[in-house]
Amino acid sequence: MTRRPHPASDLALSLLLLVIAALLLGGAAQLPPPQFDPLGSAALPRILAGLLIVFALITGARAVLLWRAGGASDALPWSPGAAARGAAVLGLLVAFILVMAAGLAPFWAAGTVYVAASALLIGGFTPRRLVVTVLGGLALCAVLTVVFTRFFYINLP
């Protein structure tokens, strides 16, 4: 039996996605217009923001419909421990961004640590999960490095 998230969690996620999309659109609006490229440098942030808005609206609408239909319990699904883990994952994200901005570690190393640590915080620690998340983080960072350097021409440190 799978446990469905509480509609309040889905609504919070929807609002967070809408805020992130608004930030992306605001940042894209400040980019210069394209000179040679037909799409310009703002195309990718705008596409990502549009996708985030679509997914946020779908998730939010489903949550509202479930809540109105009475398919949710009165108890909220989060606990102080879950909130602390969520705050720790957010702190890891901020630390990852600061490490990358300061150039303190190469992308593959900082990204692997971030992916593995986040997965272990969210899912709990087991030796098998540690190995899987480290290997998965390495694979993800390798793919992202290739995509950024070969397709977007962005050199990652």
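Start by selecting Ser 118: at 7% relative accessibility, this residue counts as buried, since the cut-off is under 20%. Bear in mind as you look around that this is a predicted model. Ser 118 is found in helix α4. Which residues does Ser 118 touch, leaving aside its neighbours within four places in sequence? Show the side chains of Val 89 and Leu 92, and you have the contacts.

**The α3–α4 pair**

Now widen the selection to helix α3 (residues 80–102) and helix α4 (residues 107–123). Their axes come within 10 Å and cross at roughly 180°. Angles over 145 degrees count as roughly antiparallel, and α3 and α4 are therefore roughly antiparallel to each other.

To see what lies between them, colour these two sets:

- from α3: Arg 85, Ala 88, Val 89, Leu 92, Leu 93, Phe 96, Val 99 and Met 100
- from α4: Phe 107, Ala 110, Gly 111, Tyr 114, Ala 117, Ser 118, Leu 121 and Ile 122

Colour by class instead and the contact of α3 with α4 comes out as 13 nonpolar, two polar and one charged residues.

**Along α3**

Stay with α3 and pick out its buried residues: Val 89, Phe 96 and Met 100. What covers them includes α4. As for spacing, an α-helix has 3.6 residues a turn, so residues three or four places apart point the same way.

Next, click Ile 97, also in helix α3.

For the whole of α3, with its 23 residues, the first C-alpha to the last spans 33 Å, close to the 33 Å expected at 1.5 Å a residue. Just after α3, stop at Gly 103, which takes a positive phi of about 70°.

**Last stop: α1 and α2**

Finally, select helix α1 (residues 7–29) together with helix α2 (residues 43–68). They pack at an angle of about 160°, with their axes 8 Å apart. That makes α1 roughly antiparallel to α2. Turn the view to look through the pair, and you'll find α1 passing α2 in a left-handed crossing. Sorted by class, the contact of α1 with α2 has 21 nonpolar, three polar and three charged residues.

Technical notes
Residues are numbered from 1 along each chain as its sequence is written. This is a predicted model: local features need pLDDT of at least 70, side-chain atom pairs count only at pLDDT 80 or more; totals for chains, interfaces and linings use all residues. Side-chain values use heavy atoms; hydrogens and water are left out. Axes are lines fitted to C-alpha atoms, for helices over the stretch in contact, and angles run from 0 to 180 degrees between N-to-C directions. Helices (H or I, at least four residues) and strands (E, at least two) are DSSP runs, numbered from the N terminus. Angles under 35 degrees count as roughly parallel, over 145 as roughly antiparallel, 65 to 115 as roughly perpendicular and the rest as oblique. Contact means heavy atoms within 4.5 Å. Ala, Val, Leu, Ile, Met, Phe, Trp, Tyr, Cys and Pro count as nonpolar, Asp, Glu, Lys and Arg as charged, and the others, Gly among them, as polar. The expected span of a helix is 1.5 Å times one less than its number of residues. Buried means under 20% relative accessible area, exposed over 50%, partly exposed in between (1.4 Å probe, protein chains only). A crossing is left-handed if the near helix is turned anticlockwise from the far one by less than a right angle, and right-handed if clockwise.
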